[in-house]
Amino acid sequence: MSPDANRVRTPGAESDRVRVFDTTLRDGEQAPGCTMNLDEKLQVAHQLARLGVDVIEAGYPAASPGDAESVKAVAEEVGGGQGPTICGLARATEHDVRTCAASVAPATRSRIHIFLATSDIHLQHKLRCSRDEVIARGIMAVSLAKGLVHEVEFSPEDAARTDPEYLLDVLAAVVEAGATTLNIPDTVGFTTPWEYENTIRRVVALAAKHPGVVVSTHCHDDLGLAVANTLAGIRAGARQVEVTLNGIGERAGNASLEEVVMALKTRPELFDGAYMNIDSTQLTRASRLLQQCTGTYVAPNKAIVGANAFSHEAGIHQDGVLKHRATYEIMTPESVGADGSMLVLGKHSGRHALRERLKELGHELDDERFLEVFGRFKELCDRKKFVDDRDIAALASTAHDHAPARWTMVQMQVQSGTQLIPTATVRLRNADGTTKVGSGTGDGPVDACCRAIDAVVGETGELQGFTTRSVSEGTGALAEVTVRVKDLYSGRTFVGHGTHVDVVEASGEAYLDAVNSLLTMRDAEAEKNASLRFPKAKQAKVSA
Ligand code: MN
């Protein structure tokens, strides 16, 4: 118990509110296999706004023009009105701070998050400068940012391994310079709950001298302690937590948003009045949307959002839950939006029913895309008796398209078997109306299909990732395929999605989707520089 537990408190007081700072689009997107395109980042950002997060860290604008562009797009589309604060990451340099300020500028509330390493190991080997020089740099960057945006956050990178006295000196200096949030990152996932609680307590004591300054946690899961450390930080007085959906992030990931939110909601008595303004019924939807966008799926036993998180297998447990749910359930599936109230649609459901359902699932599609989804929905109803929310979300997520497709699939024919060389033939329609036929052989039917597409579209990138998943149960279930194709010229990765009852067709669709994004990017680049030449790319290769 904290020493002031007995003082009179106002329930729901502003001083007890824990701000949720979501970094799925920055720290999360940095994770291997979690790359998203602009359209996907916007979908995730809209869902984060529906959840009610306080701050969205949308990216690191100085990293590349593409990053700057997507932070700006999030600021414009999600950061207006009463929307969340839009934040961008910046190193403590004038260039980074100015680039970041320009990207977050369209938001109603904008924030720059400056990070600067403070541990001796980083100072000696990475920054190669003295402790005094680091303080001077921090003051320079914060003072500059203060004049450009509404809020300035400062992170002493690798804080958990920084000399505690020096850490406080740095923080005192940047608060004087105008930082309004002091974030204490456990960059390498090294700390433990009791150690982190002590550190945060000391920083909270320092911040208390400056009204309005908020202390924040940022924990990594290298030792599986990210959520525990974050909760310890809240107990010590932190009033912002940096988290990601599904806990994605560098290496073992960040503290998971859904776990921190539900821990606080399920055990409020342990947190001395601290609370969050999050609509927890949006958690499952947010988690699934991110999984579909990245093609990286959570384990069935993942807390809160895993497929088994609310299923009771043991007979004794089932019996107990049937008699009284609280016997084995500490929270309800409804509270996280994982209720069984999935509306089942079928063959006889009309356009209106589908449109309403899509809206409830967070997909607002224009007429053209809606008709495409409706067509696929009817097709699916012919193959499958019942179509549930998971199927509909999968159909809708492939329909959100980024740019008009250069090539569309007209026909696909694949032969494979034990004594056959897998062979595929595709007919693709170009945006100019002409069609072209190509064929190819490969190690498996999917490989053959990708090569047939290459035969039509010519040089593409390198296939780097391929994930396939069945959306719902049964042999008639939709297969959802996500591929990642790396453009060898620009080094950029393009994500493609395909959804079909036939896994090979879904794969061909996904590959073509990624290739279309790649070609659209090249067209845009070529417009900028007419003399641009692309090197011959390697043949894509995959076995299915
Ligand atoms: Mn991090």
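Q: What makes Ala117, Leu127, Arg128, Glu157, Asp158 and Arg161 contacts of His122?
A: Contact means heavy atoms within 4.5 Å. His122 touches each of these residues, with residues up to four places away in sequence left out of the list. A word on the ground rules: this is a predicted model, where local features need pLDDT of at least 70, side-chain atom pairs count only at pLDDT 80 or more, and totals for chains, interfaces and linings use all residues. Residues are numbered from 1 along each chain as its sequence is written, and side-chain values use heavy atoms, leaving out hydrogens and water.

Q: Why is His122 called buried?
A: Buried means under 20% relative accessible area, exposed means over 50%, and partly exposed is in between (1.4 Å probe, protein chains only). His122 has 15% relative accessibility, so it counts as buried. His122 lies in helix α5, residues 120–127; helices are DSSP runs of H or I with at least four residues, strands are runs of E with at least two, and both are numbered from the N terminus.

Q: What makes the link between the side chains of His122 and Asp158 a polar contact?
A: A polar contact is a pair of N or O atoms within 3.5 Å; within protein, one must be able to donate a hydrogen and the other to accept it, and residues adjacent in sequence count only if both atoms are side-chain atoms. The side chains of His122 and Asp158 make theirs at 3.4 Å.

Q: Is Asp158 buried or exposed, and why?
A: Asp158 has a relative accessible area of 0%, so it is buried. Asp158 sits in the loop between β5 (151–157) and α7 (164–177). Its phi is near 65°, a positive value in a residue other than glycine.

Q: Why does Asp272 count as partly exposed?
A: Its relative accessibility is 23%, so Asp272 falls in the partly exposed class. Asp272 lies in the loop between α10 (257–266) and α11 (283–294), and its phi, near 55°, is also positive in a residue other than glycine.

Q: How do you know which residues are donors of the manganese ion?
A: Donors are N, O and S atoms within 2.8 Å of the metal (3.2 Å for Na, K and Ca); water is not among the atoms, so sites may look incomplete. Asp27 (OD), His218 (NE2) and His220 (NE2) are the protein donors, 2.0 to 2.3 Å from the manganese ion. Their spacing in sequence is D-x190-H-x1-H. His218 has a relative accessible area of 4%, so it is buried.

Q: Why is the pair of Phe370 and Phe374 called stacked?
A: Rings of Phe, Tyr and Trp (its six-membered ring) pair if their centres lie within 6.5 Å; planes under 30 degrees apart count as stacked, over 60 as edge-to-face and the rest as tilted. Phe370 and Phe374 are 6.1 Å apart centre to centre, with 25° between the planes, and form a stacked pair. They are 4 residues apart in helix α14 (residues 367–383), which means a separation of about one helical turn.

Q: What makes the pair of Phe374 and Phe377 tilted?
A: Phe374 and Phe377 have 35° between the planes and 6.3 Å centre to centre, giving a tilted pair. Both residues are buried.

Q: How do you know that the charged end of Arg355 sits over the ring of Phe370?
A: A charge sits over a ring if NZ of Lys or CZ of Arg is within 6 Å of the ring centre and within 35 degrees of the ring normal. The charged end of Arg355 is 4.3 Å from the centre of the Phe370 ring and sits over it.
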